[in-house]
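Subject: Structure handover

Hi,

I am passing a structure on to you. Please open it first, then read my notes below.

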Amino acid sequence: WSISNTVDIVDVTLFGIRSVSLFLLVCVGVVRPLISRRTQYRLLVNFDEATQPPIASQSEEDHIKAGGFSRKTSQGSTFGGLWKKIKLLFPYVWPKGHFFLQLQVVICFLILASGRVINVYVPIYYKRIVNALTPNRNLTEKMDLMYGITHNSYGITFPIASIFIYVFLKFLQGGSVGSA
C-alpha cells in the first residue's frame, strides 16, 4: 500500500477531510444538547397569544382557538382530535395556487394509502398459498382452480396465480435486500 500518484493523494486527502468532518459532527451532536437550554418544541401558531394566559372574560375554548394551548389531563380517543389536527396541519401541506405541487401531494397520499392496502393483502395471499398447499382440502379459490396446477394423487394444488400476486405485493411492499 503506497501513495504513488496524485489520484491516491486526492483520495487520502478527501478521506481525511471526511473523517475529520464526521468526527466534528459527532462531537457537536454530543456536546450541543448538554450546553443548550431546554426548550419545548411545539407548533406555535400565534406566539404572542400562546405565551399569554387566557383573559378572564375569555373562555378556555376561545383561548385555544386564538392560538393558545392547553394541557389535557385525561386521555381520550386517539382519533378524537383528528379533524382538529388535520385542519391545523392542512395549510402547511397543501400548496395554494400550484397545481402540480397539489397533484404531487395527492399522489403522495395515494401512495401512502396503497402502501397500507398492500400491507393488508400480503398476509391474505400468504394464507391462500399455505391453504392451497395443504393436502386433501376442498379448493374454494376460483383463481387457484383456474390457474393452479393440481396433483390429484396428493390433493395438493400449486397456486401459481396466488404466488405471482404475493411476489408482486412483496415487491411493492419494499424493504431491503433479504428482508422477510
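Which residues make up the largest nonpolar core? There are six: Ile118, Val122, Tyr125, Ile129, Tyr166 and Leu169. Two elements give two or more residues to this core, helix H5 (99–132) and helix H7 (160–173). H5 provides the largest share, four residues. Please keep in mind that this is a predicted model.

The overall layout

The protein chain has seven helices and two strands. Read from the N terminus, the order of elements is α-α-α-α-α-α-β-β-α. The protein chain has 180 residues, and buried residues make up 11% of them. I also looked at contacts between residues at least 6 apart in sequence. Of these, 32% join residues at least 24 apart.

How H5 and H7 pack

The axes of H5 and H7 are 9 Å apart, and the packing angle is about 150 degrees. Angles over 145 degrees count as roughly antiparallel, so H5 is roughly antiparallel to H7. Their crossing is left-handed.

Which residues make the contact? Here is the list by helix:

- From H5: Ile118, Asn119, Tyr121, Val122, Tyr125, Tyr126, Arg128 and Ile129.
- From H7: Ser162, Ile163, Ile165, Tyr166, Leu169, Lys170, Leu172 and Gln173.

By class, this contact has 11 nonpolar, three polar and two charged residues.

Is Tyr121 buried, partly exposed or exposed? Its relative accessibility is 40%, so Tyr121 counts as partly exposed. Buried would need under 20%, and exposed over 50%. Tyr126 is also partly exposed, because its relative accessible area is 49%.

Tyr121 and Leu169 are 48 residues apart in sequence, yet their C-alpha atoms are 7.7 Å apart in space. Tyr126 and Val167 are 41 residues apart along the chain, and 9.7 Å separates their C-alpha atoms. Leu169 is one of the core residues as well.

Gln102

Gln102 is also placed in helix H5. Is Gln102 buried or exposed? Its relative accessibility is 18%, so Gln102 counts as buried. The cut-off for buried is under 20%. What does Gln102 touch beyond its neighbours within four places in sequence? Its contacts are Trp94, Pro95, Lys96 and Gly97.

Val93

Val93 sits in helix H4, residues 82–93. With a relative accessible area of 38%, Val93 is partly exposed. Setting aside neighbours within four places in sequence, Val93 is in contact with Val105 and Phe109. Val93 and Val105 are 12 residues apart in sequence, and 7.7 Å apart from C-alpha to C-alpha.

Where to look when you open the file

Go to the six core residues, Ile118, Val122, Tyr125, Ile129, Tyr166 and Leu169. Next, find Gln102 with Trp94, Pro95, Lys96 and Gly97. Finish at Val93 with Val105 and Phe109.

Best wishes

Notes: Residues are numbered from 1 along each chain as its sequence is written. This is a predicted model: local features need pLDDT of at least 70, side-chain atom pairs count only at pLDDT 80 or more; totals for chains, interfaces and linings use all residues. Side-chain values use heavy atoms; hydrogens and water are left out. A nonpolar core is a set of buried Ala, Val, Leu, Ile, Met, Phe, Trp, Tyr and Cys residues joined through side-chain atoms within 4.5 Å. Buried means under 20% relative accessible area, exposed over 50%, partly exposed in between (1.4 Å probe, protein chains only). Axes are lines fitted to C-alpha atoms, for helices over the stretch in contact, and angles run from 0 to 180 degrees between N-to-C directions. Angles under 35 degrees count as roughly parallel, over 145 as roughly antiparallel, 65 to 115 as roughly perpendicular and the rest as oblique. A crossing is left-handed if the near helix is turned anticlockwise from the far one by less than a right angle, and right-handed if clockwise. Contact means heavy atoms within 4.5 Å. Ala, Val, Leu, Ile, Met, Phe, Trp, Tyr, Cys and Pro count as nonpolar, Asp, Glu, Lys and Arg as charged, and the others, Gly among them, as polar.
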